[in-house]
Amino acid sequence: MADKKKKNLPPDAQEYQAFQKQREVKRPIFKNCIKAFLVGGFICFIGQIISTFYIHFFNFTEQTVGNPTVATLIFITMLLTGFGVYDRIGQFSGAGSAVPVTGFGNAVISSAIEHRTEGFVLGVGSNMLKLAGPVIVYGVFSAFVIALIKTILIKWGGL
Amino acid sequence: MIFFWAFVVGGIICVFGQIMFDIFKLSPAHTLSILVVSGAILDGFGLYEPLIDFAGAGATVPITSFGNSLVHGAMAEAEKHGLVGVVTGMFEVTSAGISAAIIFGVIGALIFKPKG
């Protein structure tokens, strides 16, 4: 798509784009990946501590403990987001704090807090899922397609 | 030992996300959507459950587990009620993530004031 757009531009604009690309600040990809690995790993490590706690004291199994762990992590995220700490972690770690479920919680909670001045129904209610919407929409749709295919294969394909 | 694997596997999934950010220049929304879809696909092939057994929270905490549990809920219900179950069972397992995000979102909006 980007190439198509480029072809329609006048020659001097193409020249400018090449020049701009050459001058663009290179992202420190390797360093960013290390940061993302450390922070993301650390969040999952905390998640594992919470999971172990739930397994030992509330009789969850390894497969079902995901739910209470996720809920607890989102609660912690609420506090961190409210006090403005999560944004700083996010700036440092990039995907490390966005990919774990805490990033999903942060997207929901921060837009809820941000839009409260517009009122609780039209502000908080309608803007809350603005950033997290795509995740839910495509998660649900792809899960639907996959579960549909799998069910048909199991029922009539003799899988 | 599971603490170590949780750290490593969770970290690796985040590195995938970071690579999509930096090398493919995707927006966070695109990246997270792709990760959720790939989690769903992995569960479709039955690969995600072994990963949870192996890495614990390293597999359940990243957003990929969201797609996994959506498929899980749909499949569990589909076994009971056939094709209708695919639609009705979708949120059975995942509800915690979404409901917690919404509940704490509203509570957060009640307690905290926007900054800056």
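Student: Which residues in α1(B) meet which residues in α2(B)?

Tutor: This is a predicted model. To read a helix contact, list the residues on each side. In α1(B) they are B:G17, B:M20 and B:F21. In α2(B) their partners are B:T31, B:I34 and B:L35.

Student: How do the residues of that contact divide by class?

Tutor: Sort them into nonpolar, polar and charged. Four are nonpolar, two are polar and none is charged.

Student: At roughly what angle do the axes of the two helices cross?

Tutor: Look at the two axes and the angle between them. Helix α1 of chain B covers residues 2-22, and helix α2 of chain B covers residues 28-44. Their axes come within 9 Å and cross at roughly 140°. That angle makes α1(B) oblique to α2(B). An angle has to be over 145 to count as roughly antiparallel.

Student: Is the crossing left-handed or right-handed?

Tutor: The crossing of α1(B) and α2(B) is right-handed.

Student: Now the contact between the chains. How many residues does each chain give?

Tutor: Count each side on its own. Chain B gives 65 residues and chain A gives 64. Then ask about elements. On the side of chain B that touches chain A, those giving two or more residues include α1, α2, α5 (64-81) and α7 (95-111) of chain B. The largest share comes from α1(B), with 16 residues.

Student: And what classes make up that side of chain B?

Tutor: It has 46 nonpolar, 16 polar and three charged residues.

Student: Let us turn to chain A. How many helices and strands are there?

Tutor: Chain A has nine helices and zero strands. Next, check the overall spread. The radius of gyration of chain A is 22 Å. The globule rule gives 15 Å for 159 residues, so chain A is more spread out than a compact globule. The C-alpha atoms of chain A fill roughly 65 × 55 × 40 Å.

Student: Which residues of chain A does the UniProt annotation "transmembrane region" cover?

Tutor: The record, an unreviewed entry, gives residues 36-57, 69-86 and 135-154 of chain A. Over residues 36-57 of chain A, the chain is 100% helix and 0% strand. The end C-alpha atoms of that stretch are 32 Å apart.

Student: What about residues 69-86 of chain A?

Tutor: There the chain is 89% helix and 0% strand. The end C-alpha atoms are 18 Å apart.

Note on methods: Residues are numbered from 1 along each chain as its sequence is written. Chains are lettered from A and ligands numbered from 1 in the order in which they are written. This is a predicted model: local features need pLDDT of at least 70, side-chain atom pairs count only at pLDDT 80 or more; totals for chains, interfaces and linings use all residues. Axes are lines fitted to C-alpha atoms, for helices over the stretch in contact, and angles run from 0 to 180 degrees between N-to-C directions. Helices (H or I, at least four residues) and strands (E, at least two) are DSSP runs, numbered from the N terminus. Angles under 35 degrees count as roughly parallel, over 145 as roughly antiparallel, 65 to 115 as roughly perpendicular and the rest as oblique. A crossing is left-handed if the near helix is turned anticlockwise from the far one by less than a right angle, and right-handed if clockwise. Two residues are in contact if their C-beta atoms, placed from the backbone, lie within 7 Å. Ala, Val, Leu, Ile, Met, Phe, Trp, Tyr, Cys and Pro count as nonpolar, Asp, Glu, Lys and Arg as charged, and the others, Gly among them, as polar. UniProt positions are given in the numbering used here, feature names are shortened, and annotations may be inferred rather than shown by experiment. The radius of gyration is taken over C-alpha atoms; the globule rule is 2.2 Å times the number of residues to the power 0.38.
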